[in-house]
Amino acid sequence: MQITFWGVRGSYPVPGAATVRYGGQTSCVEARSSGGDCVIVDAGTGMRALGNKLMREAQGPQHYDVLLSHVHWDHIQGLPFFSPAYVPGTKIGVHALLTAADELHQVIGGITRHEFFPMPLEAVPAQFEFHEVEPGVEFDLGAFHITPIALNHPFGSVGYRIDGDGTSWAYVADTAPFDKVIHKQHFLSGPEPLSDDDRASLRAMRDALVRRLVGVDTVVYDTHFLPEEYERFPHYGHSTPDQALEICSEAKVRRLVLYHHAPSHTDEQMDRIAETYLGRGAELGIEVVTSYEGLTLQIGPEPARDPERTNPGVGPA
Amino acid sequence: MKIRFWGVRGSFAMAGREFLRYGGNTTSVELLTDAGQRLLIDLGTGATELAKQLMTSEFGRGQGRLPILLSHTHLDHIQGLPFFTPFFIKGNEIRILGAKPTSGISLEATLQNQLDPHYSPLNGLENLAAGVSIDEIVPGGTIVVPGFEVHTIAVPHGSMWTTAYRISADGKTVTYLSDVEYPNLDEPLSEAIALARGADLLIHDAMHADHDYELRRGWGHSPARAGVIVAERAGAKKLALFHHSPDATDEMIDEVVQRTSASTQVPVFAAAEGSYLEI
């Protein structure tokens, strides 16, 4: 199994010279089994380039499955620009958490309403199927076995453990840590006092996450903030690499991938983050890779390591 | 009057080395009078870059005043709204002006839908700390914005209408005609020509290279040639090709500029992210 990063940025796309090496497009990761099965996780702006690649590869209409962590714009904005959707006969399964009483198709369809996009979802040639996911309720998609995991993010978010080819990886974004703030379905202008129930919910969410990550080879984690940025915005629903390392260390994960980079982080800052956390990870026995657009990682232990080889995690050329 | 293009890309923000010279941010254009009055057109991702600059001025202290004209509410023109940091500072007064969307839903409800809790943690306009007013305008009239005289018309854009603007200040005029496709390319709407009459700068939708247009007729956008026809008939002094296709690399845009320039006496350039230009 391998995964490829098509968008690694959080919040909104940031084109420009300052982000050209790590990439400016928002969340989208493609997973491939050794047999060629494909699952797409999140439909941020990176999904446009992925769609163009899939069109070049495809022989006729295909069936794609998209797992959504949540439906904030930076995780769904690429969907209307996914070119295979305009090929008649294409089937697209969208899997997402249902956090409100609405129908999932209305929520996804809402991004193509007349005011926002020229073509309504119903007029798109591909056939869409909507599947509600529920934390802890496992399911299979081709060669993949999927386990949704509840995360701590405004209006709800879900991570995925994805097993296949005898190995596994997990997508843990977007999420805040599980101590200071609990995200529910209302606007937070800052941290609110926690009740005992809130603390118990956070603890349960954290325990379940660690439990699901035990034995996972590679964890892609929302590490939007540096620690000092997190202190200023603890209610924004994102984590730091330190918080991700803590979780991965408890679950004894082999490799952590830093992901969902803050739009303000320039390539130079990202190089420093990559280097700093490569070192921190090494102290804990965890390989830390900082994701960038175009990065492909093999999941599972690599056969034989060439000690002379430069670690690919230090950053893009 | 000065102008700065903060976002020139149509439809989709394009990050990558092939887009660095013209820029990959979606549409946002700033106009500044000699006296320092400011007006913004459209809130694409380019607006987030302007926001950083504004935050170092009175907007960072909650004393900023800014009118924003929207051409329409397709996402590439409003995508920067939730990340336009002056909205998060109490005391700033930001006025968004635009037409009621063609669907009949109000402009305010449309922006509320953008910030719906499913899609945005802001959970609605009411959570923006700045004072935000949303004024629905009726295209065809004149609007008053401090320092600027603004004329508006509605132009066809696929299945909807967008608002085009003629903006004058300091004795200079800029016409903004983005996201437009004329029913007959060779006979652009007389209202559009009137809006660009004698303009010092015409900013025109040039989403498609002329040779790509036939495949994309009816999609709501213009080929580069449309701006030339309007500029020539209107006697505009300069033409900025704008709303570049997300597929257009820097080299492709260079080529469009070259071909378009060769076809007309009107000076032509492709709008690019960058510095302030004197009108």
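## Overall form of chain B

What percentage of the 279 residues in chain B do buried residues make up? In this model, which is predicted, buried residues account for 52% of the 279 residues of chain B. The secondary structure of chain B comes to five helices and 14 strands, and the C-alpha atoms of the chain fill a box of roughly 50 × 40 × 40 Å when it is taken along the principal axes.

The radius of gyration of chain B is 18 Å, which agrees with a compact globule, because a globule of that kind with 279 residues would have a value near 19 Å. Among the contacts in chain B with a separation of 6 or more, 68% are accounted for by residues 24 or more positions apart.

In soluble globular proteins, nonpolar side chains tend to be buried together. Here the largest nonpolar core has 164 residues, and those with the most contacts inside it are Val219(A), Val220(A), Leu177(B), Ala196(B) and Leu202(B). Helix 4 of chain B, residues 224-234, supplies the largest share of this core, namely seven residues.

Not counting residues up to four places away in sequence, Leu202(B) touches residues including Thr175(B), Leu177(B), Ala196(B), Gly227(B), Val230(B), Ala231(B) and Ala234(B).

## Strand 4 of chain A and its neighbours

Strand 4 of chain A, which spans residues 63-67, is mostly covered, since four of its five residues are buried. This strand pairs in the parallel sense with strand 3 of chain A, residues 38-41, over two bridges, and within the pairing Ile40(A) has Val66(A) in strand 4 as its bridge partner. Between the two strands the chain passes through helix 1 of chain A, residues 47-57, and this β-α-β crossover from strand 3 to strand 4 is right-handed.

Strand 4 of chain A also pairs in the parallel sense with strand 5 of chain A, residues 91-97, in this case over five bridges. In strand 5 of chain A, Ile92(A) is the residue that stands opposite Tyr64(A).

## Where the chains meet

Chain A and chain B touch each other, with 31 residues of chain A in contact with 36 residues of chain B. On the side of chain A that touches chain B, the residues divide into 16 nonpolar, 13 polar and two charged.

Key. Residues are numbered from 1 along each chain as its sequence is written. Chains are lettered from A and ligands numbered from 1 in the order in which they are written. This is a predicted model: local features need pLDDT of at least 70, side-chain atom pairs count only at pLDDT 80 or more; totals for chains, interfaces and linings use all residues. Two residues are in contact if their C-beta atoms, placed from the backbone, lie within 7 Å. Ala, Val, Leu, Ile, Met, Phe, Trp, Tyr, Cys and Pro count as nonpolar, Asp, Glu, Lys and Arg as charged, and the others, Gly among them, as polar. A nonpolar core is a set of buried Ala, Val, Leu, Ile, Met, Phe, Trp, Tyr and Cys residues joined through C-beta atoms within 7 Å. A residue is buried if 20 or more other C-beta atoms lie within 10 Å of its own, exposed if 12 or fewer, and partly exposed in between; C-beta atoms are placed from the backbone. Two strands pair if DSSP finds at least two bridges between them. A crossover is right-handed if, with the strands pointing away from the viewer, the path from the first strand over the helix to the second runs clockwise. The radius of gyration is taken over C-alpha atoms; the globule rule is 2.2 Å times the number of residues to the power 0.38.
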